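Colleague: Before we go through this model, I would like the grounds for each label.
Modeller: Here it is; ask about any term.

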Amino acid sequence: CAVLLKNHVTGGRCPSKATINGKTVVITGANTGIGKDTARELAKRGGRIIMGCRDMEKCEAAAKEIRGKTLNPHVYSRRLDLASMKSIREFAERIKQEEQHVDVLINNAGVMRCPAWKTEDGFDVQFGVNHLGHFLLTNLLLDKLKESAPSRVINLASLAHVVGKIDFEDLNWEKKKFDTKQAYCQSKLANVLFTRELAKRLHGTGVTVNAVHPGVVATELGRHTGLHQSQFSSSVLSPFFSLLVKSPELGAQSSVYLAVSEEMEGVTGRYYDVMTEKEPAPQALDEEAARRLWEVSSKLVGLEEEGQHDKSSTSAEGWSKAAQTQRQTLGPAVSAAGL
Ligand SMILES: NC(=O)C1=CN([C@@H]2O[C@H](COP(=O)(O)OP(=O)(O)OC[C@H]3O[C@@H](n4cnc5c(N)ncnc54)[C@H](OP(=O)(O)O)[C@@H]3O)[C@@H](O)[C@H]2O)C=CC1
Ligand SMILES: CC1=C(/C=C/C(C)=C/C=C/C(C)=C/C=O)C(C)(C)CCC1
């Protein structure tokens, strides 16, 4: 029973043995947890791996460890703070300048159940990092992804999206009482809606985009829950805990599957529970909500302004001009975002 339960919980390993020699993978939040093991597995398969992390010391330590373990020298650490639009723009600019192509983008970084913190730009940190940061990054890398087609975008969502609700009147928790669990669920629902809308917009380009719930994985994601790994490893519950939660190495298998497997060629706009396609919750299938979220997100990150009026604002320095104009034109949604 224990073995069967364990297999059920882990969901197994990526069945594909595909190698990715010469392919470039950009992965966010790759210094620990699922991201780090995804980076290691893809480095083992021959990829050129760009790890985007906010803490350069942790990032370089992880990159060094991966280079050592896989004997792949092409594993690079780059600064990326998804809680800062300036940092996202600098990171994307550097990728565009340094990389000939981007074959896979894995939007992996995430935070869960933090206090009511705000990003540098005034967004709720869970909405800002988990959704808006990746929304901006992906859009900034779209031309590169299109040039590199067939290419893939993978968004780490979560089963938590099923209880999520997008509150368009108060995306950033400024009007109602802050609920950190719901803020996480909203951000993860946003990941699935973004996946579906982006897939629609990328139809015919050769760039695919899918969302995945990696299972329940013992990582640092629970760091804001007040519980610590040590409390569990030393308790009598430890054997049960380890039966129900998988290791980061196994947690990375679904991202690896979506990134490399032959079965995923041309598959787009889908939601995966580990390596099995599932229908997401009804609110994630709402096309009008997906379109609206795209529009609001574009405005919040200053993309719409650039596309329509001011091409010069695409640089890291120029973005704030676009955001400032949004402040004057957007009304409540933007003031709620603190712009
Ligand atoms: N673990 C699980 O059971 C599940 C995880 N997921 C999703 O999987 C993804 C990976 O999570 P997991 O590995 O578990 O979590 P971890 O907390 O172990 O890793 C999260 C990573 O995101 C990084 N990160 C956080 N904030 C920022 C930021 N502002 N800028 C750049 N990077 C940042 C962290 O960096 P740092 O170390 O510096 O904080 C870390 O590298 C998340 O999107 C999560 O929602 C979904 C369902 C279940
Ligand atoms: C609770 C807990 C941990 C991990 C929690 C994690 C990893 C939670 C995952 C949450 C999920 C499933 C999120 C879905 O989006 C630790 C730190 C290992 C140790 C002790 C207690």
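Modeller: A residue is buried if 20 or more other C-beta atoms lie within 10 Å of its own, exposed if 12 or fewer, and partly exposed in between, with C-beta atoms placed from the backbone. The model is predicted: local features need pLDDT of at least 70 and side-chain atom pairs pLDDT 80 or more, while totals for chains, interfaces and linings use all residues. Residues are numbered from 1 along each chain as its sequence is written, and chains are lettered from A and ligands numbered from 1 in the order written.

Colleague: Why does Pro-282 count as exposed?
Modeller: Pro-282 has 8 C-beta neighbours inside 10 Å, so Pro-282 counts as exposed. Pro-282 lies in the loop between strand S8 (276-278) and helix H11 (287-301); helices (H or I, at least four residues) and strands (E, at least two) are DSSP runs, numbered from the N terminus.

Colleague: What makes the crossing of H2 and H3 right-handed?
Modeller: A crossing is right-handed if the near helix is turned clockwise from the far one by less than a right angle, and left-handed if anticlockwise. The axes of H2 and helix H3 (residues 56-70) cross at roughly 35° and come within 9 Å; axes are lines fitted to C-alpha atoms over the stretch in contact, with angles from 0 to 180 degrees between N-to-C directions. The H2 and H3 crossing is right-handed.

Colleague: Which residues in H2 meet H3?
Modeller: Lys-36, Ala-39, Arg-40, Ala-43 and Lys-44 in H2 meet residues in H3 including Ala-62 and Ile-66; contact requires C-beta atoms, placed from the backbone, within 7 Å.

Colleague: Which helix gives the most to the shell around ligand 1?
Modeller: Helix H2 (residues 33-44), with 3 residues.

Conventions: Contact = placed C-beta atoms within 7 Å.
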